[in-house]
Number of protein chains: 4
Amino acid sequence: MTLTLDQARAAIRGTFEAGGEAGFKPLSAIVLDAGGNVLAFERQDGSSPGKFAIAHGKAYGAVMLGMPSSALMARAEKQPYFVAALNGAYGGAVIPVPGGILIKDGDAVIGALGVTGDTSDNDVDAGMKGLSAAGLTGEA
Amino acid sequence: MTLTLDQARAAIRGTFEAGGEAGFKPLSAIVLDAGGNVLAFERQDGSSPGKFAIAHGKAYGAVMLGMPSSALMARAEKQPYFVAALNGAYGGAVIPVPGGILIKDGDAVIGALGVTGDTSDNDVDAGMKGLSAAGLTGEA
Amino acid sequence: MTLTLDQARAAIRGTFEAGGEAGFKPLSAIVLDAGGNVLAFERQDGSSPGKFAIAHGKAYGAVMLGMPSSALMARAEKQPYFVAALNGAYGGAVIPVPGGILIKDGDAVIGALGVTGDTSDNDVDAGMKGLSAAGLTGEA
Amino acid sequence: MTLTLDQARAAIRGTFEAGGEAGFKPLSAIVLDAGGNVLAFERQDGSSPGKFAIAHGKAYGAVMLGMPSSALMARAEKQPYFVAALNGAYGGAVIPVPGGILIKDGDAVIGALGVTGDTSDNDVDAGMKGLSAAGLTGEA
(Lines give C-alpha, C1' and ligand atoms only; values in the text may rest on other atoms or scores of the structure.)
Protein backbone atom coordinates (compact mmCIF):
# COMPACT_ATOMS: atom_id res chain seq x y z
CA MET A 1 0.00 0.00 0.00
CA THR A 2 1.21 3.48 -0.84
CA LEU A 3 0.17 6.35 1.43
CA THR A 4 -2.03 8.92 -0.28
CA LEU A 5 -2.18 12.63 0.41
CA ASP A 6 -5.75 12.16 1.66
CA GLN A 7 -4.51 9.67 4.25
CA ALA A 8 -1.68 11.95 5.26
CA ARG A 9 -4.09 14.87 5.70
CA ALA A 10 -6.47 12.71 7.72
CA ALA A 11 -3.64 11.59 10.00
CA ILE A 12 -2.45 15.15 10.60
CA ARG A 13 -5.99 16.46 11.22
CA GLY A 14 -6.73 13.55 13.53
CA THR A 15 -3.55 14.29 15.45
CA PHE A 16 -4.48 17.95 15.88
CA GLU A 17 -8.04 17.07 16.94
CA ALA A 18 -6.79 14.60 19.51
CA GLY A 19 -4.37 17.20 20.83
CA GLY A 20 -7.10 19.82 20.99
CA GLU A 21 -9.45 17.56 22.91
CA ALA A 22 -6.72 16.64 25.38
CA GLY A 23 -5.74 20.27 25.90
CA PHE A 24 -2.23 19.81 24.55
CA LYS A 25 -0.08 22.71 23.35
CA PRO A 26 -0.17 23.54 19.63
CA LEU A 27 1.21 20.61 17.64
CA SER A 28 3.07 20.12 14.39
CA ALA A 29 2.82 16.95 12.37
CA ILE A 30 4.51 15.52 9.28
CA VAL A 31 3.88 12.46 7.16
CA LEU A 32 6.77 10.84 5.27
CA ASP A 33 6.35 8.12 2.67
CA ALA A 34 8.10 4.73 2.72
CA GLY A 35 11.20 6.26 1.16
CA GLY A 36 11.52 9.00 3.77
CA ASN A 37 10.27 11.80 1.50
CA VAL A 38 7.84 14.47 2.74
CA LEU A 39 4.19 14.02 1.82
CA ALA A 40 2.53 16.62 4.08
CA PHE A 41 3.31 18.87 7.04
CA GLU A 42 1.31 21.33 9.13
CA ARG A 43 2.26 23.55 12.07
CA GLN A 44 -0.54 24.82 14.32
CA ASP A 45 -0.84 28.50 15.17
CA GLY A 46 1.03 29.40 18.33
CA SER A 47 3.88 26.93 17.74
CA SER A 48 7.50 28.02 17.82
CA PRO A 49 8.84 28.52 14.28
CA GLY A 50 11.34 25.67 14.11
CA LYS A 51 8.95 22.76 14.44
CA PHE A 52 9.42 21.37 10.93
CA ALA A 53 12.91 20.09 11.69
CA ILE A 54 11.79 18.36 14.89
CA ALA A 55 8.74 16.68 13.41
CA HIS A 56 10.82 15.68 10.38
CA GLY A 57 13.69 14.33 12.46
CA LYS A 58 11.43 12.13 14.55
CA ALA A 59 9.71 10.64 11.50
CA TYR A 60 12.82 10.42 9.32
CA GLY A 61 14.86 8.39 11.78
CA ALA A 62 11.89 6.07 12.23
CA VAL A 63 11.34 5.31 8.57
CA MET A 64 15.02 5.18 7.59
CA LEU A 65 15.87 2.75 10.39
CA GLY A 66 12.57 0.88 10.48
CA MET A 67 11.88 1.53 14.16
CA PRO A 68 9.83 4.13 16.05
CA SER A 69 11.81 7.05 17.43
CA SER A 70 11.11 5.78 20.95
CA ALA A 71 13.34 2.80 20.13
CA LEU A 72 16.02 5.23 18.95
CA MET A 73 15.74 7.03 22.29
CA ALA A 74 16.22 3.73 24.14
CA ARG A 75 19.30 3.10 22.02
CA ALA A 76 20.57 6.63 22.65
CA GLU A 77 20.25 6.12 26.40
CA LYS A 78 22.55 3.08 26.14
CA GLN A 79 24.85 4.15 23.32
CA PRO A 80 24.73 7.93 22.88
CA TYR A 81 27.72 7.83 20.54
CA PHE A 82 25.83 5.49 18.19
CA VAL A 83 22.87 7.81 17.82
CA ALA A 84 25.21 10.78 17.44
CA ALA A 85 26.90 8.86 14.64
CA LEU A 86 23.56 8.06 13.00
CA ASN A 87 22.91 11.76 12.88
CA GLY A 88 26.13 12.25 11.00
CA ALA A 89 25.33 9.45 8.58
CA TYR A 90 21.87 10.88 7.87
CA GLY A 91 22.98 14.50 7.52
CA GLY A 92 21.81 15.59 10.96
CA ALA A 93 18.22 14.56 10.29
CA VAL A 94 17.50 12.16 13.16
CA ILE A 95 15.69 13.22 16.36
CA PRO A 96 15.75 10.29 18.81
CA VAL A 97 12.81 11.04 21.10
CA PRO A 98 9.26 9.64 21.03
CA GLY A 99 6.87 11.07 18.47
CA GLY A 100 8.21 9.40 15.34
CA ILE A 101 5.60 6.74 14.67
CA LEU A 102 5.90 4.04 12.00
CA ILE A 103 2.87 3.68 9.74
CA LYS A 104 2.46 0.01 8.92
CA ASP A 105 0.52 -2.16 6.48
CA GLY A 106 0.86 -5.55 8.11
CA ASP A 107 4.61 -6.02 8.55
CA ALA A 108 5.54 -3.45 5.93
CA VAL A 109 6.52 0.10 6.86
CA ILE A 110 4.66 2.41 4.47
CA GLY A 111 5.72 5.68 6.06
CA ALA A 112 5.99 7.56 9.32
CA LEU A 113 4.14 10.24 11.24
CA GLY A 114 6.19 12.74 13.22
CA VAL A 115 4.53 14.78 15.97
CA THR A 116 5.96 17.51 18.16
CA GLY A 117 4.72 20.37 20.35
CA ASP A 118 3.83 18.96 23.75
CA THR A 119 5.68 16.37 25.85
CA SER A 120 7.00 13.46 23.83
CA ASP A 121 4.48 11.13 25.47
CA ASN A 122 1.61 13.45 24.59
CA ASP A 123 2.94 13.81 21.05
CA VAL A 124 2.76 10.03 20.74
CA ASP A 125 -0.72 9.92 22.25
CA ALA A 126 -2.10 12.45 19.79
CA GLY A 127 -0.30 10.86 16.86
CA MET A 128 -1.58 7.35 17.56
CA LYS A 129 -5.12 8.70 17.81
CA GLY A 130 -4.62 10.64 14.61
CA LEU A 131 -3.50 7.55 12.71
CA SER A 132 -6.44 5.65 14.11
CA ALA A 133 -8.84 8.37 12.95
CA ALA A 134 -7.29 8.06 9.48
CA GLY A 135 -7.78 4.31 9.43
CA LEU A 136 -4.02 3.72 9.62
CA THR A 137 -1.96 1.51 11.92
CA GLY A 138 0.85 3.03 13.94
CA GLU A 139 3.79 1.61 15.87
CA ALA A 140 5.07 4.09 18.44
CA MET B 1 -0.81 40.32 9.85
CA THR B 2 0.53 36.88 10.67
CA LEU B 3 -0.35 34.01 8.35
CA THR B 4 -2.49 31.35 10.01
CA LEU B 5 -2.51 27.65 9.31
CA ASP B 6 -6.05 28.01 7.98
CA GLN B 7 -4.84 30.54 5.44
CA ALA B 8 -1.91 28.34 4.47
CA ARG B 9 -4.22 25.38 3.97
CA ALA B 10 -6.61 27.45 1.90
CA ALA B 11 -3.78 28.67 -0.30
CA ILE B 12 -2.48 25.15 -0.90
CA ARG B 13 -5.94 23.77 -1.61
CA GLY B 14 -6.72 26.65 -3.90
CA THR B 15 -3.48 26.03 -5.77
CA PHE B 16 -4.30 22.36 -6.23
CA GLU B 17 -7.84 23.14 -7.37
CA ALA B 18 -6.60 25.65 -9.90
CA GLY B 19 -4.07 23.13 -11.17
CA GLY B 20 -6.72 20.44 -11.41
CA GLU B 21 -9.08 22.68 -13.37
CA ALA B 22 -6.32 23.65 -15.78
CA GLY B 23 -5.25 20.06 -16.29
CA PHE B 24 -1.76 20.63 -14.87
CA LYS B 25 0.42 17.77 -13.65
CA PRO B 26 0.26 16.88 -9.94
CA LEU B 27 1.50 19.84 -7.89
CA SER B 28 3.29 20.35 -4.59
CA ALA B 29 2.89 23.50 -2.56
CA ILE B 30 4.47 24.97 0.55
CA VAL B 31 3.69 28.00 2.68
CA LEU B 32 6.48 29.67 4.63
CA ASP B 33 5.90 32.33 7.25
CA ALA B 34 7.55 35.76 7.36
CA GLY B 35 10.62 34.23 9.00
CA GLY B 36 11.11 31.65 6.27
CA ASN B 37 9.91 28.75 8.43
CA VAL B 38 7.59 26.03 7.15
CA LEU B 39 3.91 26.40 8.01
CA ALA B 40 2.39 23.78 5.72
CA PHE B 41 3.31 21.57 2.78
CA GLU B 42 1.45 19.07 0.62
CA ARG B 43 2.53 16.87 -2.31
CA GLN B 44 -0.19 15.56 -4.60
CA ASP B 45 -0.37 11.87 -5.47
CA GLY B 46 1.59 11.04 -8.60
CA SER B 47 4.34 13.61 -7.96
CA SER B 48 7.99 12.61 -7.97
CA PRO B 49 9.28 12.09 -4.42
CA GLY B 50 11.72 15.00 -4.21
CA LYS B 51 9.25 17.86 -4.55
CA PHE B 52 9.61 19.23 -1.03
CA ALA B 53 13.09 20.58 -1.72
CA ILE B 54 11.98 22.33 -4.91
CA ALA B 55 8.84 23.91 -3.49
CA HIS B 56 10.79 24.95 -0.41
CA GLY B 57 13.66 26.40 -2.39
CA LYS B 58 11.38 28.59 -4.51
CA ALA B 59 9.55 29.99 -1.49
CA TYR B 60 12.59 30.25 0.76
CA GLY B 61 14.60 32.33 -1.66
CA ALA B 62 11.60 34.60 -2.14
CA VAL B 63 10.95 35.32 1.51
CA MET B 64 14.60 35.48 2.57
CA LEU B 65 15.46 37.99 -0.16
CA GLY B 66 12.13 39.78 -0.29
CA MET B 67 11.52 39.22 -3.97
CA PRO B 68 9.60 36.60 -5.95
CA SER B 69 11.70 33.74 -7.30
CA SER B 70 11.05 35.03 -10.84
CA ALA B 71 13.16 38.06 -9.88
CA LEU B 72 15.86 35.72 -8.66
CA MET B 73 15.77 33.98 -12.04
CA ALA B 74 16.20 37.32 -13.80
CA ARG B 75 19.17 38.01 -11.56
CA ALA B 76 20.59 34.53 -12.25
CA GLU B 77 20.40 35.15 -15.99
CA LYS B 78 22.57 38.24 -15.55
CA GLN B 79 24.79 37.19 -12.67
CA PRO B 80 24.81 33.41 -12.25
CA TYR B 81 27.73 33.63 -9.82
CA PHE B 82 25.66 35.82 -7.53
CA VAL B 83 22.81 33.34 -7.30
CA ALA B 84 25.29 30.49 -6.87
CA ALA B 85 26.80 32.45 -3.99
CA LEU B 86 23.35 33.03 -2.47
CA ASN B 87 22.90 29.30 -2.52
CA GLY B 88 26.07 28.88 -0.54
CA ALA B 89 25.07 31.54 1.93
CA TYR B 90 21.63 30.01 2.43
CA GLY B 91 22.82 26.41 2.74
CA GLY B 92 21.77 25.39 -0.76
CA ALA B 93 18.15 26.26 -0.16
CA VAL B 94 17.41 28.75 -2.96
CA ILE B 95 15.74 27.68 -6.23
CA PRO B 96 15.77 30.66 -8.63
CA VAL B 97 12.92 29.83 -11.01
CA PRO B 98 9.33 31.11 -11.01
CA GLY B 99 6.91 29.58 -8.54
CA GLY B 100 8.13 31.23 -5.34
CA ILE B 101 5.44 33.83 -4.72
CA LEU B 102 5.59 36.51 -2.03
CA ILE B 103 2.50 36.77 0.18
CA LYS B 104 1.95 40.42 1.04
CA ASP B 105 -0.10 42.50 3.41
CA GLY B 106 0.18 45.92 1.83
CA ASP B 107 3.92 46.47 1.52
CA ALA B 108 4.82 43.91 4.14
CA VAL B 109 5.95 40.41 3.19
CA ILE B 110 4.10 38.03 5.49
CA GLY B 111 5.31 34.80 3.88
CA ALA B 112 5.70 32.96 0.61
CA LEU B 113 3.99 30.26 -1.37
CA GLY B 114 6.15 27.81 -3.33
CA VAL B 115 4.61 25.77 -6.12
CA THR B 116 6.18 23.07 -8.31
CA GLY B 117 5.07 20.21 -10.53
CA ASP B 118 4.24 21.66 -13.95
CA THR B 119 6.08 24.30 -15.98
CA SER B 120 7.27 27.23 -13.90
CA ASP B 121 4.70 29.49 -15.57
CA ASN B 122 1.88 27.10 -14.79
CA ASP B 123 3.15 26.73 -11.23
CA VAL B 124 2.84 30.52 -10.88
CA ASP B 125 -0.60 30.55 -12.46
CA ALA B 126 -1.96 27.93 -10.06
CA GLY B 127 -0.29 29.56 -7.06
CA MET B 128 -1.66 33.04 -7.79
CA LYS B 129 -5.16 31.59 -8.12
CA GLY B 130 -4.68 29.63 -4.92
CA LEU B 131 -3.67 32.75 -2.99
CA SER B 132 -6.64 34.58 -4.44
CA ALA B 133 -8.98 31.78 -3.35
CA ALA B 134 -7.52 32.09 0.14
CA GLY B 135 -8.13 35.84 0.22
CA LEU B 136 -4.40 36.54 0.12
CA THR B 137 -2.34 38.83 -2.09
CA GLY B 138 0.56 37.40 -4.06
CA GLU B 139 3.50 38.93 -5.91
CA ALA B 140 4.92 36.50 -8.47
CA MET C 1 5.56 -2.90 -8.18
CA THR C 2 8.50 -2.69 -5.80
CA LEU C 3 11.97 -3.40 -7.18
CA THR C 4 13.60 -6.47 -5.68
CA LEU C 5 17.27 -7.06 -5.05
CA ASP C 6 17.19 -9.84 -7.66
CA GLN C 7 15.91 -7.36 -10.24
CA ALA C 8 18.54 -4.82 -9.26
CA ARG C 9 21.29 -7.42 -9.57
CA ALA C 10 20.00 -8.53 -12.95
CA ALA C 11 19.95 -4.94 -14.19
CA ILE C 12 23.50 -4.30 -13.05
CA ARG C 13 24.80 -7.57 -14.49
CA GLY C 14 22.97 -6.95 -17.73
CA THR C 15 24.53 -3.50 -17.92
CA PHE C 16 28.02 -4.88 -17.40
CA GLU C 17 27.47 -7.63 -19.96
CA ALA C 18 26.25 -5.15 -22.54
CA GLY C 19 29.24 -2.95 -21.84
CA GLY C 20 31.61 -5.90 -22.15
CA GLU C 21 30.16 -6.99 -25.46
CA ALA C 22 30.38 -3.47 -26.84
CA GLY C 23 33.97 -3.08 -25.68
CA PHE C 24 33.16 -0.18 -23.33
CA LYS C 25 35.47 0.86 -20.51
CA PRO C 26 34.81 -0.64 -17.06
CA LEU C 27 31.40 0.48 -15.82
CA SER C 28 29.78 1.19 -12.47
CA ALA C 29 26.07 0.85 -11.92
CA ILE C 30 23.64 1.62 -9.12
CA VAL C 31 19.96 0.87 -8.58
CA LEU C 32 17.86 3.18 -6.40
CA ASP C 33 14.34 2.40 -5.24
CA ALA C 34 11.31 4.64 -5.79
CA GLY C 35 12.24 6.71 -2.72
CA GLY C 36 15.79 7.38 -3.89
CA ASN C 37 17.44 4.94 -1.48
CA VAL C 38 20.29 2.65 -2.57
CA LEU C 39 19.36 -0.96 -3.34
CA ALA C 40 22.55 -2.18 -5.04
CA PHE C 41 25.80 -0.88 -6.52
CA GLU C 42 28.80 -2.43 -8.24
CA ARG C 43 32.01 -0.99 -9.65
CA GLN C 44 33.92 -3.02 -12.22
CA ASP C 45 37.65 -3.68 -11.81
CA GLY C 46 39.75 -1.04 -13.48
CA SER C 47 37.37 1.84 -12.73
CA SER C 48 38.55 4.99 -11.02
CA PRO C 49 37.72 4.94 -7.30
CA GLY C 50 35.12 7.70 -7.16
CA LYS C 51 32.46 6.13 -9.37
CA PHE C 52 29.85 5.62 -6.65
CA ALA C 53 29.11 9.33 -6.40
CA ILE C 54 28.70 9.71 -10.16
CA ALA C 55 26.44 6.70 -10.64
CA HIS C 56 24.45 7.76 -7.59
CA GLY C 57 24.11 11.36 -8.72
CA LYS C 58 22.80 10.39 -12.14
CA ALA C 59 20.19 8.04 -10.68
CA TYR C 60 19.30 10.21 -7.69
CA GLY C 61 18.46 13.29 -9.70
CA ALA C 62 16.35 11.14 -12.03
CA VAL C 63 14.21 9.54 -9.36
CA MET C 64 13.86 12.63 -7.15
CA LEU C 65 12.74 14.79 -10.05
CA GLY C 66 10.92 12.13 -12.04
CA MET C 67 12.89 12.64 -15.26
CA PRO C 68 15.92 10.92 -16.76
CA SER C 69 19.24 12.67 -16.19
CA SER C 70 19.39 13.44 -19.92
CA ALA C 71 16.43 15.77 -19.36
CA LEU C 72 18.32 17.39 -16.50
CA MET C 73 21.25 17.94 -18.86
CA ALA C 74 18.94 19.60 -21.39
CA ARG C 75 17.67 21.84 -18.60
CA ALA C 76 21.22 22.58 -17.45
CA GLU C 77 22.17 23.68 -20.97
CA LYS C 78 19.35 26.24 -20.89
CA GLN C 79 19.36 27.21 -17.23
CA PRO C 80 22.66 26.28 -15.62
CA TYR C 81 21.78 28.26 -12.49
CA PHE C 82 18.66 26.14 -11.99
CA VAL C 83 20.55 22.86 -12.02
CA ALA C 84 23.24 24.35 -9.79
CA ALA C 85 20.46 25.28 -7.39
CA LEU C 86 18.97 21.78 -7.53
CA ASN C 87 22.32 20.48 -6.42
CA GLY C 88 22.17 22.73 -3.39
CA ALA C 89 18.63 21.68 -2.58
CA TYR C 90 19.55 17.99 -2.82
CA GLY C 91 22.79 18.23 -0.87
CA GLY C 92 25.08 18.10 -3.89
CA ALA C 93 23.70 14.76 -5.06
CA VAL C 94 22.55 15.52 -8.61
CA ILE C 95 24.68 14.74 -11.70
CA PRO C 96 22.92 16.17 -14.78
CA VAL C 97 24.38 14.10 -17.61
CA PRO C 98 22.90 11.06 -19.39
CA GLY C 99 23.14 7.72 -17.62
CA GLY C 100 20.46 8.20 -14.97
CA ILE C 101 17.64 6.06 -16.31
CA LEU C 102 14.15 5.91 -14.83
CA ILE C 103 12.81 2.42 -14.17
CA LYS C 104 9.09 2.43 -14.87
CA ASP C 105 6.08 0.21 -14.26
CA GLY C 106 3.58 1.68 -16.69
CA ASP C 107 3.49 5.37 -15.78
CA ALA C 108 4.90 4.88 -12.28
CA VAL C 109 8.56 5.46 -11.52
CA ILE C 110 9.70 2.50 -9.40
CA GLY C 111 13.38 3.42 -9.22
CA ALA C 112 16.36 4.45 -11.29
CA LEU C 113 19.49 2.90 -12.73
CA GLY C 114 22.65 5.00 -12.80
CA VAL C 115 25.51 4.04 -15.10
CA THR C 116 28.94 5.62 -15.50
CA GLY C 117 32.33 4.70 -16.87
CA ASP C 118 32.33 5.27 -20.63
CA THR C 119 30.83 8.16 -22.59
CA SER C 120 27.41 9.24 -21.35
CA ASP C 121 25.80 7.88 -24.51
CA ASN C 122 27.48 4.52 -24.09
CA ASP C 123 26.51 4.49 -20.40
CA VAL C 124 22.89 4.89 -21.49
CA ASP C 125 23.22 2.24 -24.16
CA ALA C 126 24.55 -0.34 -21.71
CA GLY C 127 22.02 0.61 -19.05
CA MET C 128 19.03 0.30 -21.33
CA LYS C 129 20.22 -3.14 -22.46
CA GLY C 130 20.79 -4.11 -18.85
CA LEU C 131 17.27 -3.15 -17.86
CA SER C 132 15.93 -5.05 -20.83
CA ALA C 133 17.89 -8.15 -19.83
CA ALA C 134 16.35 -7.84 -16.36
CA GLY C 135 12.85 -7.62 -17.77
CA LEU C 136 12.53 -3.99 -16.70
CA THR C 137 11.46 -0.90 -18.63
CA GLY C 138 13.75 2.10 -18.77
CA GLU C 139 13.28 5.73 -19.79
CA ALA C 140 16.60 7.31 -20.65
CA MET D 1 46.50 -7.65 -3.26
CA THR D 2 43.70 -5.51 -4.60
CA LEU D 3 40.11 -6.58 -3.92
CA THR D 4 38.21 -7.51 -7.06
CA LEU D 5 34.52 -7.08 -7.73
CA ASP D 6 34.20 -10.87 -7.83
CA GLN D 7 35.61 -11.08 -4.32
CA ALA D 8 33.33 -8.32 -3.10
CA ARG D 9 30.31 -10.08 -4.58
CA ALA D 10 31.34 -13.37 -3.02
CA ALA D 11 31.74 -11.73 0.40
CA ILE D 12 28.32 -10.08 0.19
CA ARG D 13 26.62 -13.28 -1.00
CA GLY D 14 28.38 -15.32 1.68
CA THR D 15 27.23 -12.84 4.30
CA PHE D 16 23.61 -13.07 3.13
CA GLU D 17 23.76 -16.89 3.00
CA ALA D 18 25.16 -17.06 6.52
CA GLY D 19 22.45 -14.69 7.73
CA GLY D 20 19.77 -16.72 6.00
CA GLU D 21 20.97 -19.99 7.52
CA ALA D 22 21.10 -18.43 10.98
CA GLY D 23 17.62 -16.95 10.64
CA PHE D 24 18.83 -13.36 10.91
CA LYS D 25 16.74 -10.39 9.76
CA PRO D 26 17.34 -9.11 6.19
CA LEU D 27 20.89 -7.81 5.93
CA SER D 28 22.70 -5.14 3.96
CA ALA D 29 26.38 -5.39 3.13
CA ILE D 30 28.99 -3.16 1.56
CA VAL D 31 32.56 -3.69 0.46
CA LEU D 32 34.96 -0.76 0.43
CA ASP D 33 38.41 -0.88 -1.11
CA ALA D 34 41.69 0.04 0.59
CA GLY D 35 41.03 3.71 -0.15
CA GLY D 36 37.61 3.69 1.50
CA ASN D 37 35.73 3.86 -1.80
CA VAL D 38 32.61 1.79 -2.53
CA LEU D 39 33.16 -1.37 -4.58
CA ALA D 40 29.79 -3.08 -4.06
CA PHE D 41 26.64 -2.84 -1.95
CA GLU D 42 23.44 -4.82 -1.67
CA ARG D 43 20.33 -4.42 0.51
CA GLN D 44 18.13 -7.48 0.99
CA ASP D 45 14.38 -7.25 0.41
CA GLY D 46 12.52 -6.37 3.58
CA SER D 47 15.24 -4.07 4.95
CA SER D 48 14.46 -0.53 6.04
CA PRO D 49 15.40 1.96 3.31
CA GLY D 50 18.26 3.73 5.07
CA LYS D 51 20.68 0.81 5.36
CA PHE D 52 23.29 2.11 2.95
CA ALA D 53 24.43 4.83 5.34
CA ILE D 54 24.78 2.41 8.25
CA ALA D 55 26.65 -0.29 6.36
CA HIS D 56 28.88 2.37 4.82
CA GLY D 57 29.57 4.07 8.13
CA LYS D 58 30.67 0.85 9.80
CA ALA D 59 33.04 -0.06 6.98
CA TYR D 60 34.28 3.46 6.32
CA GLY D 61 35.36 4.10 9.89
CA ALA D 62 37.14 0.76 9.90
CA VAL D 63 39.19 1.26 6.76
CA MET D 64 39.89 4.98 7.33
CA LEU D 65 41.20 4.36 10.84
CA GLY D 66 42.66 0.91 10.26
CA MET D 67 40.69 -0.81 12.99
CA PRO D 68 37.42 -2.77 13.05
CA SER D 69 34.37 -0.77 14.08
CA SER D 70 34.18 -2.81 17.28
CA ALA D 71 37.42 -1.10 18.31
CA LEU D 72 35.84 2.25 17.50
CA MET D 73 32.95 1.32 19.79
CA ALA D 74 35.36 0.50 22.59
CA ARG D 75 36.98 3.88 22.05
CA ALA D 76 33.57 5.58 22.01
CA GLU D 77 32.69 4.02 25.37
CA LYS D 78 35.81 5.61 26.88
CA GLN D 79 36.03 8.82 24.89
CA PRO D 80 32.71 9.67 23.27
CA TYR D 81 33.95 13.16 22.38
CA PHE D 82 36.79 11.65 20.36
CA VAL D 83 34.44 9.55 18.23
CA ALA D 84 32.08 12.51 17.86
CA ALA D 85 35.06 14.51 16.63
CA LEU D 86 36.02 11.74 14.18
CA ASN D 87 32.54 11.98 12.80
CA GLY D 88 33.03 15.66 12.18
CA ALA D 89 36.42 15.09 10.58
CA TYR D 90 35.05 12.39 8.28
CA GLY D 91 31.91 14.26 7.24
CA GLY D 92 29.56 12.28 9.48
CA ALA D 93 30.48 8.99 7.87
CA VAL D 94 31.67 6.90 10.84
CA ILE D 95 29.36 4.45 12.65
CA PRO D 96 31.19 3.11 15.72
CA VAL D 97 29.40 -0.18 16.40
CA PRO D 98 30.43 -3.73 15.43
CA GLY D 99 29.84 -4.84 11.87
CA GLY D 100 32.65 -2.92 10.15
CA ILE D 101 35.19 -5.67 9.45
CA LEU D 102 38.69 -5.08 8.10
CA ILE D 103 39.64 -7.23 5.11
CA LYS D 104 43.32 -8.12 5.40
CA ASP D 105 46.08 -9.59 3.29
CA GLY D 106 48.65 -10.51 5.92
CA ASP D 107 49.17 -7.28 7.83
CA ALA D 108 47.84 -5.06 5.07
CA VAL D 109 44.31 -3.69 5.12
CA ILE D 110 42.90 -4.19 1.62
CA GLY D 111 39.37 -3.04 2.36
CA ALA D 112 36.44 -3.45 4.71
CA LEU D 113 33.11 -5.21 4.82
CA GLY D 114 30.21 -3.43 6.51
CA VAL D 115 27.17 -5.43 7.62
CA THR D 116 23.91 -4.23 9.19
CA GLY D 117 20.38 -5.48 9.71
CA ASP D 118 20.37 -7.70 12.80
CA THR D 119 22.12 -7.19 16.15
CA SER D 120 25.67 -5.90 15.82
CA ASP D 121 27.00 -9.26 17.03
CA ASN D 122 24.99 -11.14 14.45
CA ASP D 123 26.06 -8.70 11.77
CA VAL D 124 29.66 -9.55 12.62
CA ASP D 125 28.94 -13.28 12.69
CA ALA D 126 27.40 -13.25 9.21
CA GLY D 127 30.11 -10.96 7.84
CA MET D 128 33.00 -13.11 9.09
CA LYS D 129 31.39 -16.19 7.54
CA GLY D 130 30.83 -14.31 4.33
CA LEU D 131 34.47 -13.28 4.10
CA SER D 132 35.48 -16.85 4.82
CA ALA D 133 33.22 -18.13 2.05
CA ALA D 134 34.91 -15.64 -0.29
CA GLY D 135 38.37 -16.87 0.68
CA LEU D 136 39.14 -13.59 2.44
CA THR D 137 40.47 -12.86 5.91
CA GLY D 138 38.52 -10.59 8.23
CA GLU D 139 39.36 -8.79 11.47
CA ALA D 140 36.20 -7.91 13.39
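In this predicted model, 18 residues of chain A are in contact (heavy atoms within 4.5 Å) with 18 residues of chain B. The area buried between chain A and chain B, that is, the accessible area (1.4 Å probe) lost on putting the two together and summed over both, is about 1,600 Å², and carbon and sulfur atoms give 46% of that area.

Across the interface of chain A and chain B there are four salt bridges, each a side-chain nitrogen of Lys or Arg within 4 Å of a carboxyl oxygen of Asp or Glu. In one salt bridge the side chains of A:R43 and B:D33 meet at 2.8 Å, N to O. On the side of chain A that touches chain B, at least two residues each come from α1 (5-22) and β2 (38-43) of chain A, and β2(A) gives the most, with six residues. β2(A) also pairs with strand β2 (residues 38-43) of chain B in the antiparallel sense, over three bridges, where strands count as paired if DSSP finds at least two bridges between them. In this region A:F41 stands opposite B:F41 of β2(B).

Turning to chain D, 17 of its residues are in contact with 14 residues of chain A.

Residues are numbered from 1 along each chain as its sequence is written, and chains are lettered from A in the order in which they are written. Local features need pLDDT of at least 70, side-chain atom pairs count only at pLDDT 80 or more, and totals for chains, interfaces and linings use all residues, while side-chain values use heavy atoms, with hydrogens and water left out.

Conventions. Helix = DSSP H or I, 4+ residues; strand = E, 2+ residues; numbered from the N terminus.
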